[in-house]
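Good morning, colleagues. Today I would like to present the pockets of one model.

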Amino acid sequence: MDGGCACGAVRYRLSDTPMVVHCCHCTRCQTETGSAFVINAVIEHDRVELLAGVPEPVLTPSDSGRGQEVFRCPTCRVALWSHYSVPTAAFVRVGTLDAPGALPPDVHIFTRSKLLWVRLPEGAKAYDGFYADPGEVWSAEARVRWKVLVGG
């Protein structure tokens, strides 16, 4: 799957399927995106291949206190992906994909701060905060990939 920023200066390709796709409704994501939520496809950073341009990392605050690196196009400043506490994992902004509809959320997180007018699809997996058991959301293959990624 290919994607890029608004001006086209940065283009990228996902060389594998994401491990999981989160739709995060936390207030931090609402503020950072200027929207009701963010949809992030979690994938190994080395499986995000740059096709054109080089995004710039911008350190932003996070609720953990460790901050996050948001990788933005240096020209149009669109956020393409982030690194949270695991720098080898990219949280790719699904909206920057050429076909964002191909990656619907696997789970909705931090729904306790979901805007009241947002309606989740019937039967969608949803958690007030972050889910405690990845086995409820992630496939067995994805859990193995994550374990390898974090060196566990």
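Let me begin with the term pocket: on a 1 Å grid over the protein atoms alone, it is an open set of points where a 1.4 Å probe fits, with protein on both sides within 12 Å along at least five of seven lines, and lining residues have an atom within 4 Å of a point. Grid points are joined across faces, edges and corners, and a volume is the space filled by probe spheres set on the points.

The model is predicted, with local features needing pLDDT of at least 70, side-chain atom pairs counting only at pLDDT 80 or more, and totals for chains, interfaces and linings using all residues. Residues are numbered from 1 along each chain as its sequence is written, and side-chain values use heavy atoms, without hydrogens and water.

The second largest pocket holds about 240 Å³ of space. Its lining comprises 14 residues, and Thr33, Phe37, Val38, Ile39 and Arg93 are nearest the centre. H1, S4 and strand S7 (68–72) each give two or more residues to this lining; helices (H or I, at least four residues) and strands (E, at least two) are DSSP runs, numbered from the N terminus. H1 contributes the most, with three residues.

I turn now to the largest pocket, with about 730 Å³ of space. Among its 26 lining residues, Tyr84, Phe91, Ile109, Phe110 and Phe130 are the closest to the centre. Two or more lining residues come from each of strand S3 (20–24), helix H1 (27–33), strand S4 (38–44) and helix H2 (140–149). Here too, H1 gives the most, with three residues.
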